[in-house]
Amino acid sequence: QVQLVESGGGLVQAGGSLRLSCVASGRTFSNYAMGWFRQAPGYEREFVAQTTSGGSTLYSDSVKGRFTISRDNAKNTVYLQLNNLKPEDTAVYYCAADRPIVTPKSAYWGQGTQVTVSS
């Protein structure tokens with residue numbers, strides 16, 4: 001089992017920044033791909049970014065160039081830096097863990113953290 005706990009969400013104005021954190025416990029963190037998804041009201045959960053155990057990263061086109069995913073294996077933590085936020089980034093952001101990559105069907109999820117961007 002892998003337990004995931006997100007933090008760092010909040011209310012920010014358009015153009016602002018936030019940093020989300022996800023702390024993992026229960027298994028060897030470095031062996032897992034870690035990712036972020038988001039879900040806005042009335043929409044399906046969508047992929048945002050992921051980092052594999054080898055450090056490769058992948059981003060959705062909608063956030064590429066604005067968001068940065070990183071991981072600190074010593075702290076069992078994955079981060080998502082959100083810059084130049086837009087109102088359409090408003091959603092609940094979820095952390096996920098899986099091997100070798102994360103997908104919408106991944107087994108391990110956090111409880112989510114709300115990000116609200118005002119215009």
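1. Two strands are said to pair if DSSP finds at least two bridges between them, where strands (E, at least two residues) and helices (H or I, at least four) are DSSP runs numbered from the N terminus. On that basis, this predicted model contains an open sheet of four strands in the order 1-3-8-7, with antiparallel pairing. Strand 1 (3–7) and strand 7 (67–72) stand at the edges with a single partner strand each, so one side of each is left without a neighbour in the sheet. Direction ignored, neighbouring strands of this sheet are turned by 15° against each other on average, the axes being lines fitted to C-alpha atoms, for helices over the stretch in contact, with angles running from 0 to 180 degrees between N-to-C directions.

2. On the basis of the model: it is predicted, so local features need pLDDT of at least 70 and side-chain atom pairs count only at pLDDT 80 or more, while totals for chains, interfaces and linings use all residues. Residues are numbered from 1 along each chain as its sequence is written, and side-chain values use heavy atoms, with hydrogens and water left out.

3. The disulfide joins Cys 22 to Cys 95, with an S to S distance of 2.1 Å. Since Cys 22 lies in strand 3 (residues 18–25) and Cys 95 in strand 9 (residues 91–98), the pair ties together parts that are 73 residues apart in sequence. The torsion about the S-S bond of Cys 22 and Cys 95 is about -80°, so the disulfide is left-handed.

4. Are the two cysteines buried or exposed? Cys 22 is buried at 0% relative accessibility, and Cys 95 is likewise buried, with a relative accessible area of 0%; buried means under 20% relative accessible area, exposed over 50%, and partly exposed in between (1.4 Å probe, protein chains only).

5. Arg 38, found in strand 4 (residues 33–39), is buried with a relative accessible area of 6%. The side chain of Arg 38 makes polar contacts with the side chain of Asp 89 (2.9 Å) and with the side chain of Ser 62 (3.4 Å); a polar contact is a pair of N or O atoms within 3.5 Å, of which, within protein, one must be able to donate a hydrogen and the other to accept it, and residues adjacent in sequence count only if both atoms are side-chain atoms.

Terms used: A disulfide is a pair of cysteine sulfur atoms within 2.5 Å.
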